[in-house]
Amino acid sequence: MHCDLVDMLQCPSCGGTLFWQVQRVERHQILEGEARCTNCSATYPVKDGIGIFLTPDLPREDLWEAVDSHLTRFLKERPDIEEKLLGSPLQSLSPADQHFRGMVLAERGLYREAEEAFAQASVGIYTDEYRRGSRAQIDFVIHRLKHRFLGGEGLVVDLASGMCTLVDAILKETSGIRTVISDFSPRVLRRQKAYYRWCGLADRTEFLAFDVRKMPFKNNSISALTTYVGLQNIQDGANETVKEVARVLSGELLAVCLFHPEHDVETRECLRSYGLEEFAFEASALDALSRAGLDARVENAIAVRALPTPKSRLIEGAGIDAFPLKETVLEWCTVVVKRKQ
Ligand SMILES: C[S@@+](CC[C@H](N)C(=O)[O-])C[C@H]1O[C@@H](n2cnc3c(N)ncnc32)[C@H](O)[C@@H]1O
């Protein structure tokens, strides 16, 4: 965590000022240390360069923790399946299994092989138009960021970064932009940190674990926020999320979104049961942002045919995405969000 982030941070619980005790710094990076809130005394560690700003009050379903440990345990118990998953020619595996192979390889630090498995998997998991729609949003965001920073240096905070689909392109396709990679799963951050060290991009990445519903940033401190389907993965949190975005944002949020058709009642019910309904549909997403005093505009909308993602053939019950439930037409777009004037 770069020392210059310290000035942007506050206690995510109560908004209090943080008192920092730094144990290890190398080349302006805080590697080990602790921030203590001078108001509520909550403490937030920095471990191996990752600032952990999680608060105990918010429920947190860390799927990375769950999937990774399930996968590791499963493969340990079933060496025959591990042999098939890792030893078979990549092309012979189903797309979901190619993806799981990528996850296992990345966990083991075999990044080149993992990249190959993920690239191959994506072709089989998603329709061509779905992938083109996604890529068009990434291009749109990068173009906008380059314009914003005039091709020079800038800091972007990415929310719910997960597998870093967008961050990865920002880092690899621009030269001056630094990104704060964030997620409420420290596990996924540790994994991405190791990957970007391997890529030689570590000096343009910062890692903060926090919940989007309680961000550790000061008011008006972030001029460029991004997220790639991140808002849409936050359970039961639309109201808190939009309030937090409105509080920290001084410039623009570029939120890549994938919206479901408004009339799809079955999907709506299912998303509601997961607490994911509000950001899954364009009308309610824009409404939530507007209620928080934000001006939100849909840009670059592209309708794409989408199919349910395939299941694993080797690991019973394992799949990729929970949605769509059936063949449908989804809308990829980028929601450009600013404070209302
Ligand atoms: C499927 S990913 C979104 C895709 C990702 N942005 C990418 O570029 O590949 C969703 C991520 O959101 C994270 N997440 C879910 N709820 C969150 C929350 N309330 N605060 C922060 N991260 C959250 C999950 O851990 C997961 O990594």
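Visitor: Let us begin with His28. Is His28 buried or exposed?
Guide: His28 counts as exposed, because it has 10 C-beta neighbours inside 10 Å. The classes rest on C-beta atoms placed from the backbone: a residue with 20 or more others within 10 Å is buried, one with 12 or fewer is exposed, and anything in between is partly exposed.

Visitor: What kind of model is this, and how are the residues numbered?
Guide: It is a predicted model, in which local features need pLDDT of at least 70, side-chain atom pairs count only at pLDDT 80 or more, and totals for chains, interfaces and linings use all residues. Residues are numbered from 1 along each chain as its sequence is written.

Visitor: Back to His28, then. Where does it lie, and what is its phi?
Guide: His28 lies in the loop between β1 (18–26) and β2 (29–37). Its phi is near 65°, a positive value in a residue other than glycine. Helices (H or I, at least four residues) and strands (E, at least two) are DSSP runs, numbered from the N terminus.

Visitor: Which other residue has a phi near 50°?
Guide: That is Asp236, again a positive value in a residue other than glycine. Asp236 sits in the loop between β8 and α8, and counts as partly exposed because it has 15 C-beta neighbours inside 10 Å.

Visitor: And which peptide bond is cis?
Guide: The bond from Phe323 to Pro324 is cis, with omega near 0°. Pro324 belongs to the loop between β10 (294–306) and β11 (328–339).

Visitor: Changing topic: which strands does β5 pair with?
Guide: β5 (residues 154–158) pairs with β6 (residues 177–183) in the parallel sense, over five bridges; within that pairing, Gly154 stands opposite Ile177. The chain goes from β5 through α6 to β6 in a right-handed β-α-β crossover. Right-handed means that, with the strands pointing away from the viewer, the path from the first strand over the helix to the second runs clockwise. β5 also pairs in the parallel sense with β8 (residues 222–228), over two bridges. The partners there include Val157 with Leu225 and Asp158 with Thr226. Strands count as paired if DSSP finds at least two bridges between them.

Visitor: How many residues are in the largest nonpolar core?
Guide: It has 84, and Leu225, Val245, Ala255, Cys257, Leu289 and Val337 have the most contacts inside it. Strand β9 (residues 249–259) gives the most to this core, with eight residues. Such a core is a set of buried Ala, Val, Leu, Ile, Met, Phe, Trp, Tyr and Cys residues joined through C-beta atoms within 7 Å.

Visitor: What does Ala255 touch?
Guide: Leaving aside neighbours within four places in sequence, Ala255 is in contact (C-beta atoms, placed from the backbone, within 7 Å) with Thr227, Leu231, Thr334, Val335 and Val337.

Visitor: And Glu282, what does that touch?
Guide: Not counting residues up to four places away in sequence, Glu282 touches Phe259, Val298 and Glu331. Glu282 is part of helix α10 (residues 282–291), and its 19 C-beta neighbours inside 10 Å are why it counts as partly exposed. Its C-alpha atom is separated by 9.4 Å from that of Val335, 53 residues apart along the chain.

Visitor: Finally, the ligand. Which residues are closest to it?
Guide: Of the 22 residues that surround the ligand, the closest are Ala160, Gly162, Met163, Thr165 and Phe184. The elements that give two or more residues to this shell are α1 (63–77) and α6 (165–173). A residue is near the molecule if its C-beta atom, placed from the backbone, lies within 6 Å of it.

Definitions and conventions. Contact = placed C-beta atoms within 7 Å.
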